[in-house]
Amino acid sequence: MAPDFHGEMDVSGSKNATLPILAATILNGKVSKLYNVPDISDVKITIQILESLGCKVKKDKKKLIIDSRNMKGTTIPEELMRKLRSSVIIAGAIISRFGEACFSYPGGCDIGSRPIDLHLKGFKKIGIKIDENTSNIVCKCDKIISTEVQLDFPSVGATENLILASVLGTHEVIIKNAAMEPEIVDLADFLNRMGAKVTGAGTNVIKIRGVKELREISYTIMPDRIEAGTLLLATAITGGEIKLNKVCPEHISPILHKLQECGCRVETVKNTIYLKSNAKLIGTEIKTMPYPGFPTDLQPLFTTFLTVCKGTSIVTENIFENRYKFTQELKRMGAKINIEGKTAIIKGVKRLHGANVESTDLRGGASLMIAGIAARGTTKIKKVEYILRGYENLDQKLNFLGANITREEGKED
Ligand code: UD1
């Protein structure tokens, strides 16, 4: 175990709430002020997209001021689109304001096939005409129609895209089998504070009544539940102790329960979580599900933690089919993991050992970091740019708690 891993810290603003809310700042055609914005590269790319469309963006530490008054662009540049999967939800906001948008298929972390069919099917249902015959997807819409959209799967992005596309107008759109993630509630809160009429966010039926106009807004982004889970798992795997502030325990209750099952002490009071790890950790079973189930984004981190828990653990990944790539790297560090389709079977070892490894994606990369601080010896992680996409200063935060992480700046990897 890494010696003396302990401390108290605040959780940063949520990446997955910031990205759709940034898209939503297009809608008012006015000035929006956002607080508690995480300093991560996915946010930087989203800002570049907004700027390419004609928005003016000012950044002051964790505060962003977005002025969409003079925005005229409706085409999302392909090179930026390719860098970020959630860029696709900017299309919904552009269509709502301008009645048209042009974009290409999005990129992002390679954790599965990640299609956008549910987004496009939903768009068509609410009256958006889509031409997919060129290399771009061209959307046009005279009027959003009042209708119900039944999602085949509660996709987070498709739910957000449909909400954004339906904000302005005179219709009523109902989304059934909507995603219920807290970030969707944050987006709806943001929109409603601007004057939108979105009800039911946080349940699986969301109604959006179109409005004519929206007002200026100041808004504070919710805490990042995935960062909170990552810090808790870093503490659990190193036998440490942590108090997290500015966090919403309810948002990560499946993780807190599983950590308790494995032998950690967990206490929650209002917006704080206290965790003390245990010298005798025991394995468990987890299955990823849409919210309020166990979040897929914390599966790689929990799987990593389970590599040092006694006995056999079983993990089932139900959301993304390609989310076990990082386990190949963990095996280099002594982890005993067998993958069979959706399932990972983990035989706990006493301790991992340092190795040269490579990030495969954002959460997989963070998993290697927490494995590295718990391991005996030195771990070198290549391709840390994946981690920087979605974590604000994760290395500094872990060092504050007692890790010893250094960045080799200037090197490509
Ligand atoms: C969001 C989160 C991501 C998280 C994921 C699931 C953001 C920026 N990202 O991603 O961190 O891991 O939710 O909680 O908020 N699908 C389709 N067709 C579609 C859309 C999705 O088949 O049109 C499938 C995906 O391939 C995947 C599943 O639905 O298997 C879930 O995807 P979705 O909920 O859309 O995830 P994202 O919004 O991309």
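Predicted model: local features only at pLDDT ≥ 70, side-chain atom pairs only at ≥ 80, totals over all residues.

Ligand site first. There are 19 residues around the ligand. Which of them come nearest? Those are Asp117, Leu118, Ser155, Asp297 and Ile319.

Start with Asp117: one of its polar side-chain atoms sits 2.7 Å from a ligand nitrogen atom. Next, Ser155. An N or O atom in the side chain of Ser155 is 2.6 Å from an oxygen atom of the ligand. Then Asp297. Here a polar side-chain atom lies 2.5 Å from an oxygen atom of the ligand. So that's the list you'd want beside you when you look at the pose.

On to the helices. We describe two packed helices by the angle between their axes and the distance between the axes. I'll give both each time.

Pair one is H1, residues 15–24, with H4, residues 88–98. Their axes come within 8 Å. The crossing angle is roughly 25°. That is under 35 degrees, so H1 and H4 count as roughly parallel to each other. H1 passes H4 in a right-handed crossing. Who makes the contact? From H1, it's Leu19, Pro20 and Ala23. From H4, it's Ile89, Ile90 and Ala93. By class, that gives six nonpolar residues, no polar and no charged.

Pair two is H6, residues 156–165, with H7, residues 182–194. Here the axes come within 10 Å and cross at roughly 10°. H6 and H7 are therefore roughly parallel to each other. On the H6 side you have Val156, Thr159, Glu160, Ile163 and Leu164. They meet Glu183, Ile184, Leu187 and Leu191 in H7. How do the residues of this contact divide by class? Six are nonpolar, one is polar and two are charged.

H12 passes H14 in a right-handed crossing. Ala366, Met369 and Ile373 in H12 face three partners in H14: Leu394, Asp395 and Leu398. The contact of H12 with H14 has five nonpolar residues, no polar ones and one charged.

Last topic: the backbone. Some background. Most residues other than glycine have a negative phi, and most peptide bonds are trans.

Take Asn36. Its phi is near 65°, a positive value in a residue other than glycine. Where is Asn36? Asn36 is in the loop between strand E2, residues 31–35, and helix H2, residues 41–52.

Now Tyr291 and Pro292. A cis peptide bond joins them, with omega about 10°. Pro292 is also in a loop, between strand E16, residues 285–287, and helix H10, residues 299–306.

To recap the ligand site: Asp117 lies 2.7 Å from a ligand nitrogen atom, while Asp297 lies 2.5 Å from a ligand oxygen atom. That's my tour. Over to you.

Technical notes. Residues numbered from 1 in each chain as written. Heavy atoms only, no water. Left-handed = near helix turned anticlockwise from the far one by under 90°. Helix = DSSP H or I, 4+ residues; strand = E, 2+ residues; numbered from the N terminus. Contact = heavy atoms within 4.5 Å. Nonpolar A, V, L, I, M, F, W, Y, C, P; charged D, E, K, R; others polar. Near = heavy atom within 4 Å. Polar contact = N/O pair within 3.5 Å; in protein donor to acceptor, adjacent residues only side chain to side chain. Axes fitted to C-alpha atoms, helices over the stretch in contact; angles between N-to-C directions. Parallel < 35°, antiparallel > 145°, perpendicular 65-115°, else oblique.
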